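Biologist: I'd like to learn how to read a pocket and the strands around it. Can you walk me through one?

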Amino acid sequence: MIKRRVILAGLAGLFLIPFCSAQVGPDSTQTNIHADPAVFALLEKRKAMGAKNLKGYRVKIHFGAEKAKANEIKAKFCQKYPDVPAYMDYDTPNFSITVGNFRTRLESYKIYKEIQTDFPNAFIVEMKIDYPDLTVKKEETKEEQK
């Protein structure tokens with residue numbers, strides 16, 4: 001009897017999936033989020049706790065012992081690709097330059113192919129990345145509007 005209820009609930013969920021959708025604004029990169037105000041409060045608490053990293057991918061464009069060379073490569077990259085963040089890390093005795101903050105390997109592959117002509121020794125690495133900047137507009141609920 002319990003198995004039958006679980007199966008029916010699962011099938012009902014599968015049939016409801018096509019009716020679920022996100023609301024996308026006029027700009028294809030903008031998504032409107034309709035959520036309980038408590039969700040926004042939790043997001044603010046998470047930021048206040050200092051959680052700044054998550055698992056993701058970057059593209060490593062340089063690895064070497066010379067700091068001057070690393071700074072030169074970072075400056076060259078920043079000049080050519082100003083929209084992509086670049087980071088210099090020091091792991092004794094080497095400096096490495098990594099670029100981007102990508103949540104999936106596929107996202108990082110796009111920039112990897114784009115910069116491959118300028119940085120032929122580039123490769124994708126898995127590492128901790130910064131949270132992407134999300135600008136969340138808090139919408140008034142229907143109860144607040146009344």
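Predicted model: local features only at pLDDT ≥ 70, side-chain atom pairs only at ≥ 80, totals over all residues.

Biologist: What counts as a pocket?

Modeller: Rolling a probe the size of a water molecule over the atoms shows where empty space is left. On a 1 Å grid over the protein atoms alone, a pocket is an open set of points where a 1.4 Å probe fits, with protein on both sides within 12 Å along at least five of seven lines; lining residues have an atom within 4 Å of a point. The second largest pocket has a volume of about 220 Å³, a volume being the space filled by probe spheres set on the points.

Biologist: Which element gives the most to the lining of the second largest pocket?

Modeller: α4 does, with four residues. Helices (H or I, at least four residues) and strands (E, at least two) are DSSP runs, numbered from the N terminus.

Biologist: And how is β5 paired with β4?

Modeller: Two strands pair if DSSP finds at least two bridges between them. Strands β4 and β5 run antiparallel, joined by six bridges, and Met88 has Ile97 as its bridge partner in β5.

Note on methods
Residues numbered from 1 in each chain as written. Heavy atoms only, no water.
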